[in-house]
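My entries follow in the order I made them.

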Amino acid sequence: MSSDKKIPKPVIFASSGLGGCIGWSIVHPANTLAVRWNLASMQNKTFSIRAMVQESGWMSLYDGLAAGLMRQVVYATTRFGLFETFRDKLHEIRGKTDFSSRVGVGAVTGGIAAYLSCPMEVAVVRMSNDTNLPAEERRNYKHVGDVFTRTLREEGVGAFWRGSTPFVTRAMFVGVFQVATLDQFKDFYAQNLGAKRDSVLNVFYAAMTSGFIYSVATMPLEASKNRMASQKPDPKTGILPYRSIPQTMSSVMAKEGPLALFNGFLPYYIRCGGHTVTMFIAVQMLRDFYKSKM
């Protein structure tokens, strides 16, 4: 078991959220790049970093940062706080913490956190990709508050959960492939490489490994979520082109090929791996600081 058991639950939740925000502020440009690259084929465009910079500038990579941080406040706080709370409670009941319990807890807590943070996720996707759309299709949001008020007024509250199914499903996979495997790899590297559990080196090794695994496992779901969150109804029929995970994936593969679901994988891995590393190291450093002051 982790030494975090000695830390009060409010500190566990707070350090999870703050660590998530610190990590996201570093990797947000990679997320913006991944979203734009992934959605470019939706407009029948070939994505080019040079063209993006010429048109929008490097600072456009920070479009949607406020929404991304708001998402982390809800998502990271809930996901990791609940994971550790449920994991420790299950340990009290079963008398052990094994990989199967981590998988189950990771999936459940990931899904809960994702559903609660869906409105922020929609805002992140839309703001990140808006400048990459043709001028006549842009929504031209002024700020994150404008996203929420206009979406509510123009599309209704249901639009905030458009793409919730792939987002929640992806988050459940993330809960398994990131949170649960990270917790398991902490034990593995402590036992096999002598990297003391919850040390910065131990967290770094575990985060790099789990980040790669979950990037590969969740990229098709991320691609589906991006398309469903950013789509607009057909102007003639009023029908949304993407309506479910299977329909979205089959439609993309039929029209653009299977690899289209992995468009933008490199920046996505940088985002996933980078956020996994920076977030968990930040969380661990915050908790170490707290314990040093106890």
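I began with contacts, meaning heavy atoms within 4.5 Å. Of the contacts in the protein with a separation of 6 or more, 79% are between residues 24 or more positions apart.

I noted the basis: this is a predicted model, where local features need pLDDT of at least 70, side-chain atom pairs count only at pLDDT 80 or more, and totals for chains, interfaces and linings use all residues. Residues are numbered from 1 along each chain as its sequence is written, and side-chain values use heavy atoms, with hydrogens and water left out.

Next I looked up burial. Buried residues (under 20% relative accessible area, 1.4 Å probe, protein chains only) are 53% of the 294 residues.

I then listed the secondary structure, taken as DSSP runs numbered from the N terminus (helices H or I, at least four residues; strands E, at least two). The protein has ten helices and zero strands. Its radius of gyration, taken over C-alpha atoms, is 19 Å, close to the 19 Å from the globule rule (2.2 Å times the number of residues to the power 0.38), so the protein is as compact as a globular protein of its length, 294 residues. The C-alpha trace spans about 60 × 35 × 35 Å along its principal axes.

Helix α1 (residues 9-40) packs on helix α10 (residues 265-293) at about 160 degrees, with the axes 8 Å apart; axes are lines fitted to C-alpha atoms over the stretch in contact, and angles run from 0 to 180 degrees between N-to-C directions. α1 and α10 are therefore roughly antiparallel (over 145 degrees).

Conventions. Parallel < 35°, antiparallel > 145°, perpendicular 65-115°, else oblique. Buried < 20%, exposed > 50% of the residue type's maximum accessible area, 1.4 Å probe, protein only.
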